[in-house]
Amino acid sequence: MKNNTRRGFMGKAFGAVAAVGAIGSLVAMKKTWDPLPSVKAAGFTTLDMSVYQENKLAVEKWRGKPIFVLKKTAAMVADQTEIQSVRDIVVDGAHYMVSIGLCTHLGCIPSYNANDKDFLCACHGGKFDYAGEVTKVPPPRGLDIPPFKIEGNTLVLGEKGPEYMKMKETGVTL
Ligand code: FES
């Protein structure tokens, strides 16, 4: 009887240890399956739009791609045609051209000339204006605009806000 009681106690003790071990293993496995916090955040790039200077191209990064950010001067905004201005991203009253910095022809990175206020793709001579529209072929379309969401004074690349969705629906960007 005594032995049985002892065996019963030992059995329960082993059972408890095994259960704790199993839970520990499950927690460890879940940690392995969960993406790292840095990976979760990797799809998004948050830009503080207050740091950019007018007519000075900044090149940021989103998902490994170069992102052009060009803050327009008041004159640039005033000179724009309707086709150019629909590409503007307006944050806190300032107008920006934000686009994926890859030529839509074969993917070279165009360079910005602040004097002429246009982009030249050296690979095949394609040109884009300061709004990102094509002014000289072979690029088949303007620079693509990445998914974005305006949040106060910041732009979150990788999220699809209403302004971006409108651009998609109206064919301003692919
Ligand atoms: S890759 Fe830009 S013009 Fe060909």
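Predicted model: local features only at pLDDT ≥ 70, side-chain atom pairs only at ≥ 80, totals over all residues.
How many of the seven residues of strand β3 are buried?

1. Strand β3, residues 65-71, is mostly covered. Five of its seven residues are buried.

2. On one pairing, β3 goes with strand β2, residues 58-62. The sense is antiparallel, and five bridges join the two strands. Within this pairing, Val 59 has Phe 68 in β3 as its bridge partner.

3. The hairpin of β2 and β3 has two residues between the strands. Look at Arg 63 there: its phi is positive, near 50°.

4. β3 also pairs with strand β5, residues 94-100. Again the sense is antiparallel, over five bridges. Here Val 69 has Val 98 in β5 as its bridge partner.

5. A general point for reading these strands: in a regular strand, side chains alternate between the two faces of the sheet.

6. Now the loop between β9 (134-136) and β10 (148-151), where Pro 147 lies. Pro 147 counts as partly exposed because it has 18 C-beta neighbours inside 10 Å, while a buried residue needs 20 or more and an exposed one has 12 or fewer.

7. What is Pro 147 in contact with, leaving aside neighbours within four places in sequence? The list is Leu 157, Gly 158, Glu 159, Lys 160 and Tyr 164. As for Lys 168, this residue is 21 residues from Pro 147 along the chain. Their C-alpha atoms are separated by 9.2 Å.

Conventions:
Residues numbered from 1 in each chain as written. Helix = DSSP H or I, 4+ residues; strand = E, 2+ residues; numbered from the N terminus. Pairing = 2+ DSSP bridges. Contact = placed C-beta atoms within 7 Å.
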